[in-house]
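Here are my notes on this model. Please read them beside the structure.

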Amino acid sequence: MTPPAPAPTVENVDARHRYEIRVGEVRAGLTAYRDRDEQRVFFHTEIDDAFAGQGLASVLVQEALDHVRASGKRIVPVCPYVAKFLKKHEEFADITDPVTPELLEWLEAALAR
């Protein structure tokens, strides 16, 4: 009998501007962000192919957004996956800000640094 897979864990790797989801010792995916004042701007989410279809992206984003709420910041969903997640999880509507052209310009400049 195969032992059960370890439960996934999510941690904020602030120095690398991302939350990572791990299964055991293996990084299974990440959601990347940049902070702009009180906003945490999510711009990219990925799950490694070896872990696809296990619902890990949803676990990752749920825990990341819970962390954002606990830290008193607001969410800006530039990442299409985060935006889609927020449409299904209205409990974050009160801390979600719209994506604006000005914000996209800021993000492009921040990522170019």
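1. Start with D37. D37 sits in the loop between β3 and β4 (39–47); strands here are DSSP E runs of at least two residues, and helices H or I runs of at least four, numbered from the N terminus. D37 is not a glycine, yet has a positive phi of about 55°. At 67% relative accessibility, D37 counts as exposed (over 50%; buried is under 20%, partly exposed in between, with a 1.4 Å probe and protein chains only).

2. The model is predicted: local features need pLDDT of at least 70, side-chain atom pairs count only at pLDDT 80 or more, and totals for chains, interfaces and linings use all residues. Residues are numbered from 1 along each chain as its sequence is written, and side-chain values use heavy atoms, leaving out hydrogens and water.

3. H17 also deserves a look. H17 has a positive phi of about 55° and is not a glycine. The loop between β1 (8–13) and β2 holds H17. H17 counts as partly exposed, at 31% relative accessibility. Most residues other than glycine have a negative phi.

4. Now the core. The largest nonpolar core has 21 residues (buried Ala, Val, Leu, Ile, Met, Phe, Trp, Tyr and Cys joined through side-chain atoms within 4.5 Å). Y19, F42, L65, I75 and F92 have the most contacts inside it. The helix α1 gives the most to this core, with six residues.

5. Which residues does L65 contact, leaving aside neighbours within four places in sequence? They are F42, I75, F85, L86 and F92; contact means heavy atoms within 4.5 Å.
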